[in-house]
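Subject: A structure to look through

Dear colleague,

I am handing over the structure below, together with some notes on what was found in it. Please keep it open beside this message while you read.

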Amino acid sequence: MDDLLLTLKTTFGYNAFRPLQREIIEASLDGRDVFALLPTGGGKSLCFQIPALQRTGLTVVVSPLIALMKDQVDQLQAAGVAATFLNSTLDADTARSRLAGLHRGEFRLLYVAPERLMLDNWQENLTAWNITALAIDEAHCVSEWGHDFRPEYRQIARLRKLLPTVPVMALTATATERVRADVIKHLQLREPEVFVASFNRPNLTYRVLAKDQPLKQIIDFVRKREDESGIIYCATRAAAERTAESLAGRGFSARAYHAGLDAEERGRNQERFLRDETKIICATIAFGMGINKPNVRWVIHHDLPKNIEGYYQETGRAGRDGLPADCLLLFSGGDAAKQTHFIEEITDDQEKQVARAQLRQILHYAESAGCRRRELLEYFGEGFATDNCAACDNCLEPRETYDGTVLAQKFLSCIYRIRQTGRFGVGLNHIVEVLTGADTEKIQRWGHQQLSTYGIGKDLARPAWAAVGRELMRLGYVAQAEGEFPILELTEAGLNVLRTRAAVTLTKPLALPKAKRVTHRE
Ligand code: ADP
Ligand code: ZN
């Protein structure tokens with residue numbers, strides 16, 4: 001048995017490495033900078049903990065999750081590892097005695113919050129403490145393109161300057177191509193070895209339902225799963241609270257978790273959930289970071305998540321034990337409209353653009369008729385080879401299609417006519433308003449009620465038209481250009497449909513539980 005495996009067994013009690021753990025550890029011990037992208041639960045911590053035990057000196061771990069530091073350090077200490085942490089929760093005496101310990105070289109691992117990095121006379125300490133490795137957990141926090149940007153993370157680059165020869169390891173569970181490049185740039189990684197584990201979670205089944213009566217839909221769902229643990233994610237504290245109360249009122253074992261509860265109640269509810277005394281937790285996204293409950297059997301999203309990363313993270317809390325688990329997203333066009341509204345109020349341009357792009361991607365996911373797993377994996381830059389994953393709604397029950405030629409022609413010709421008037425740069429909403437014959441200020445100002453396409457789509461509700469528009473984008477007939485605000489353009493394929501009257505097949509919207517017209521309203 002080699003040294004690494006021995007440490008894995010004797011210190012951590014595990015028999016085998018998870019995918020890429022060994023490779024990452026070896027690269028780090030070779031003195032390389034490392035970028036490691038492993039899904040949540042993939043075992044990132046061991047990637048820097050084992051090297052810390054193999055080399056001399058101190059490994060500094062930067063982590064934004066102050067709440068988890070104590071747990072992690074407690075676990076390490078229980079395993080006999082000399083580890084400690086420094087963050088704002090410590091009183092002055094404790095902090096002082098830990099600093100003294102660090103000066104005496106008593107520790108192998110030091111966890112530290114990023115905002116702490118420039119305090120405590122770090123410059124002097126860094127040289128005095130014989131730091132031999134630096135690990136940056138949740139490294140995506142350094143990027144504005146991630147979902148969790150933390151300006152303090154930008155300070156980490158200064159550490160790099162102060163410790164030019166020390167290998168740096170950046171770890172994250174969420175990084176698109178863009179975030180990855182940002183991490184490498186801002187943390188100044190030097191010719192890093194990049195490790196990317198598969199994000200596929202084969203034991204998770206993904207479904208999307210048109211949100212109609214969410215409470216009823218949730219009850220139908222949990223009734224079939226009375227003994228199972230699950231999480232219901234809600235967009236607001238009020239919705240989390242309301243859902244928990246409604247379920248508890250019907251005899252389900254449900255409690256709420258959100259930042260509006262006092263710390264004690266929140267902690268108690270989380271504790272009960274972890275111990276299986278409460279089966280269902282109705283939570284905002286405040287819940288779950290770092291929680292490692294293996295037997296969560298399902299995750300419901302009561303509202304549209306803000307972005308795919310978040311959705312992947314939150315659904316990823318299901319089925320950590322590797323056994324089958326279900327993920328259900330309740331989707332309504334109304335939720336999308338609400339989010340659009342909030343996004344338009346954002347004053348920072350860059351932030352607004354990011355938020356718009358993220359909404360577009362999650363909408364794409366929700367409305368896609370293609371394999372959900374493939375959509376998720378493609379988002380993370382990973383391909384998915386087989387056609388049918390056999391574990392998502394669209395693969396298990398392919399959606400019905402219909403002849404959408406007439407709808408497509410109406411929509412496409414509406415863009416075409418507007419362009420002919422010499423007005424460029426209209427967005428989806430405006431086109432839908434023209435089609436449905438709305439009376440808006442813009443339509444008046446631009447004289448668009450004169451267009452031959454004005455009101456030709458009155459037979460369909462606006463959200464349904466918006467969905468048709470988005471499907472035409474997915475199918476490549478319309479392109480969306482990202483400018484000051486997103487504008488629609490006909491593509492060559494779109495023009496071709498108009499010229500040749502080519503047939504266009506569209507997918508029926510997500511089925512509603514009852515037969516009724518899709519208005520996408522709650
Ligand atoms: P991440 O930070 O990637 O989400 P963690 O480092 O918290 O993941 O690890 C998730 C869980 O998996 C922890 O309980 C950890 O002890 C466990 N784990 C890590 N590596 C292994 C392994 N090689 N074998 C078994 N369990 C492991
Ligand atoms: Zn699929």
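In which sense do strand β9 and β11 pair, and over how many bridges? Strand β9 (residues 229-233) pairs with β11 in the parallel sense, over four bridges, where helices (H or I, at least four residues) and strands (E, at least two) are DSSP runs numbered from the N terminus, and two strands pair if DSSP finds at least two bridges between them.

Before going further, please note that this is a predicted model, in which local features need pLDDT of at least 70 and side-chain atom pairs count only at pLDDT 80 or more, while totals for chains, interfaces and linings use all residues. Residues are numbered from 1 along each chain as its sequence is written, and chains are lettered from A and ligands numbered from 1 in the order in which they are written.

On confidence, the chain averages a pLDDT (the predictor's confidence in each residue, from 0 to 100) of 90, and 97% of the residues score at least 70. Confidence is lowest in helix α6 (residues 122-128), at a mean of 80, and highest in strand β12 (residues 296-301), at 98. Over residues 513-522 the pLDDT is below 50, although this stretch has 18 contacts in the model beyond near neighbours in sequence; here two residues are in contact if their C-beta atoms, placed from the backbone, lie within 7 Å. Where pLDDT is low, the predicted coordinates should not be read in detail.

A residue counts as buried if 20 or more other C-beta atoms lie within 10 Å of its own, as exposed if 12 or fewer do, and as partly exposed in between, with C-beta atoms placed from the backbone. I280 is the bridge partner of G230, and A283 stands opposite Y257. Strand β10 (residues 254-257) runs parallel to β11 and is joined to it by four bridges, and β10, helix α11 (residues 263-274) and β11 make a right-handed β-α-β unit. Such a crossover is right-handed if, with the strands pointing away from the viewer, the path from the first strand over the helix to the second runs clockwise.

Another right-handed β-α-β unit is made by β12, helix α12 (residues 308-315) and β13.

What are the buried residues of helix α13? They are G333, D335, A336 and Q339, and seen down the axis of α13 they fall within an arc of 150° (that of the directions from the helix axis to the C-beta atoms), so they line one face of the helix. What covers them includes β13 (325-331), α14 (349-367) and α20 (462-474), whereas the face turned away from the buried side carries the exposed residues H341, F342 and E344.

With best wishes
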